[in-house]
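The points concern a sheet and its helices, and then the aromatic side chains.

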Amino acid sequence: MTDLVVDTTPAAIPDRDERTVRLGDIGIAHENLRFNEPPDDDIPTLAATLKAAGQLQRLTVRPGRGRKEQPWMALDGRRRRLALGLLLDAGEIDADYPVTVYVETDPARQAAAVLLTNTAVPVHVADIIAAIGRMLKSKLTVSVIARALGYAEIDIKRLAALAGLPAAALSALKAGRMTLKQARLLARLPDTAEQAELAEAALDGHGFQDWRITERLDEGRVTGRDRRCALVDPVRYAEAGGRTETDLFGERAPVLLDPEILTDLWMRRARAIAAVFEADGIAVHVTAGPEPDLPDDLEALGYVYGGQLPADDMARYRAQREVFNARADAVRQTLAEACDPEAVDAAIVDMIRARVTADQTGCGGRVVTTMVMWPAAGTGVDVRCYTPEEPEMEDAGLPDGDLSDRVSAPPVYVAPEAPAPEPDTDGVNHALHTVRTDVATRGLVRALADDPGAALTALVARLFTLLVLRAHVTRSDSALAILATGFDPVDGRVIEALDGEVRQRLDDRRAAWQASGATVIAWVHALPHGEKMGLLAELTAISLDVRETRTSLIRRSARMEAAELAALCAADITLHWTPDVAFLQAHSKSLLLGMLESMGADDERARSLKKTELVDWVAEQAASRIWAPAGLSWTGPLPNEDQVTTDEDIGVDDPALDDDDGTGAFTVTPAGEAALGSAAA
């Protein structure tokens with residue numbers, strides 16, 4: 001059986017001679033390749049479908065030759081003619097029954113019609129859907145229709161589901177106002193009145209905002225991409241009585257109909273892991289929903305960066321963070337390999353122990369007393385550690401002997417001081433002192449201007465003092481009047497692969513300076529030129545701040561500078577980072593779907609995911625493709641104030657851009673035409 005292959009290559013195709021003739025005037029041409037074959041067993045079924053749905057494909061005929069032939073002889077359509085003959089013999093129709101045919105008089109085209117049987121007549125998929133609807137109303141079953149048309153039952157079931165759409169939907173589909181993918185989405189809505197309303201809007205040219213239907217269908221749905229599923233596999237879920245509903249069209253993720261069973265299974269698994277730490281005296285709160293209310297005197301522990309710890313403690317903290325990251329990767333690998341649950345739980349326990357140790361090291365050795373545990377897609381669980389807040393202690397009222405009992409803070413490094421001449425103020429009033437220092441300043445200005453190397457040392461030392469040591473920030477405390485502010489967002493978040501790497505380098509520079517025992521200027525001046533330039537680059541970089549807190553407050557000058565800098569250093573954020581969960585969580589579902597489309601990972605199943613599942617999916621796809629949004633590159637044009645992009649704009653699908661190629665074995669052309677297989681020929 002050969003499926004129809006539609007050649008979409010533009011070509012000059014002559015208009016075909018289409019006519020309507022009597023059934024009694026049609027015979028089967030002897031040159032038809034199956035002229036001598038007996039009728040097959042499915043001819044009665046085909047006759048039933050023709051009676052129910054009418055004629056979908058035209059027969060191709062030539063004029064009869066001589067008295068022994070009928071006026072029209074079928075070159076293509078033998079089985080349809082035999083099926084119509086059965087209806088004629090049964091009295092269902094008469095010899096005057098109208099049959100639409102294509103008449104071929106050119107010998108070459110007649111030969112092509114014989115040799116290329118089943119290749120001529122495209123039928124729009126909307127006509128097929130309507131025909132199947134008529135077949136179903138005439139009591140034909142799906143299996144009978146499938147056998148008559150020569151396709152799998154699942155293909156007929158999918159088209160049969162579309163047959164229940166309002167007439168306006170099929171009209172919009174045929175007119176190109178709605179895509180086949182959108183029609184399938186519309187068929188999933190349970191409210192027929194709403195279906196009709198949306199179809200009428202599409203038919204009238206108002207567009208089809210399929211994301212609105214997707215969001216409605218997603219309400220309250222839990223799929224296999226839920227974060228709880230990292231610890232609960234489909235087998236355990238099914239064994240516990242959990243039901244799963246698969247999408248008829250295979251486009252949306254399977255839906256877990258019993259999310260309470262999923263939660264119960266995850267909670268049991270997580271509580272077994274939590275029991276290990278509860279035995280160590282840590283209060284563990286396990287939640288698959290909102291975070292629990294915790295006492296106000298608890299302090300959350302997290303990432304620690306430069307200057308918050310003594311050098312030795314900082315080194316131990318970083319080493320322990322590396323241990324935690326390695327164990328987290330081991331958990332991901334164990335889950336991906338579907339290992340024994342006990343092995344997975346053991347790996348998760350090791351990971352959490354490393355997290356507790358790292359957090360305790362980062363807070364100066366304070367003890368973790370409370371932990372919150374919730375689902376995570378990659379590692380099964382994620383945790384946040386808490387420790388009691390330290391009481392604020394005043395020096396006043398404390399005996400000297402009690403000072404050693406207080407919680408020790410990191411020791412303050414006392415920098416060396418360079419020798420400087422004492423000012424000569426004897427007999428000098430304020431005005432004269434001003435004149436003297438003014439002239440001395442001007443003399444140093446000229447000297448420094450004539451020595452670029454010394455000027456570079458001065459600049460780097462001043463920036464180092466401001467941005468790394470965070471000292472001497474006032475004008476009166478420094479010879480240089482240069483001021484600088486480091487990039488320090490209010491939320492305190494550090495992206496380790498981006499600004500975290502720069503902060504790490506500067507922390508190492510701070511430690512090297514302290515170990516040198518020199519003043520900042522002397523230390524900087526002693527650096528090799530390459531080291532000095534590297535430090536200058538790091539200090540300059542950490543002072544960048546191109547944030548914009550409102551869409552109405554666009555810093556155009558800052559953006560222009562950022563674009564120039566990005567071009568100078570060939571900035572490419574994907575060399576070090578791709579969108580992570582923390583970044584993606586702030587985006588709406590429609591924007592996340594737009595990201596998938598931009599990176600070439602658009603998948604209909606993604607539209608059925610819940611927000612948390614979609615965030616994980618986008619992060620995974622971005623990492624595998626080494627992709628980041630173009631808006632993070634600083635190389636694009638400035639935004640147009642007159643053009644506002646909304647979620648609704650992003651969520652609207654343009655039917656002209658839809659590359660959906662139809663359902664099952666039906667071949668759909670760009671014009672929306674579907675070709676039936678040879679079973680109907």
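1. For the packing described here, contact means heavy atoms within 4.5 Å. Angles run from 0 to 180 degrees between N-to-C directions. The structure is a predicted model, and the points below should be read accordingly.

2. Four strands form an open sheet with mixed pairing, in the order β9-β11-β12-β10. The edge positions are held by β9 (283-286) and β10 (298-300); each has a single partner strand, so one side of each is left without a neighbour in the sheet. From one strand to the next, the twist averages 30 degrees.

3. Strands of a sheet pair through backbone hydrogen bonds, either parallel or antiparallel. In this sheet, β9 pairs with strand β11 (residues 370-376) in the parallel sense, over four bridges.

4. Helix α14 (residues 341-362) lies across β11 and β12, and runs at about 30 degrees to β12.

5. The structure holds three aromatic pairs. In one of them, the ring centres of Phe-464 and Trp-513 are 6.3 Å apart and the planes stand at 70 degrees; since planes over 60 degrees apart count as edge-to-face, the pair is of that kind. Phe-464 belongs to helix α16 (residues 452-469) and Trp-513 to helix α17 (residues 499-516), so the pair ties together parts that are 49 residues apart in sequence. Both Phe-464 and Trp-513 are buried.

6. Which residues do ring pairs link into a cluster? The cluster consists of Phe-464, Trp-513 and Trp-523.

7. Trp-577 and Phe-583 also form an edge-to-face aromatic pair, with 5.5 Å from centre to centre and 85 degrees between the planes. The relative accessibility of Trp-577 is 8%. Buried means under 20%, so Trp-577 counts as buried.

8. Charged side chains are also placed over aromatic rings. The charged end of Arg-16 sits over the ring of Tyr-102, 4.1 Å from the ring centre. Likewise, the charged end of Arg-355 sits over the ring of Phe-324, 5.5 Å from the centre of that ring.

Definitions and conventions
Residues numbered from 1 in each chain as written. Predicted model: local features only at pLDDT ≥ 70, side-chain atom pairs only at ≥ 80, totals over all residues. Heavy atoms only, no water. Pairing = 2+ DSSP bridges. Helix = DSSP H or I, 4+ residues; strand = E, 2+ residues; numbered from the N terminus. Phe/Tyr/Trp six-rings, centres within 6.5 Å; stacked < 30°, edge-to-face > 60°. Buried < 20%, exposed > 50% of the residue type's maximum accessible area, 1.4 Å probe, protein only. Lys NZ or Arg CZ within 6 Å of the ring centre and 35° of its normal.
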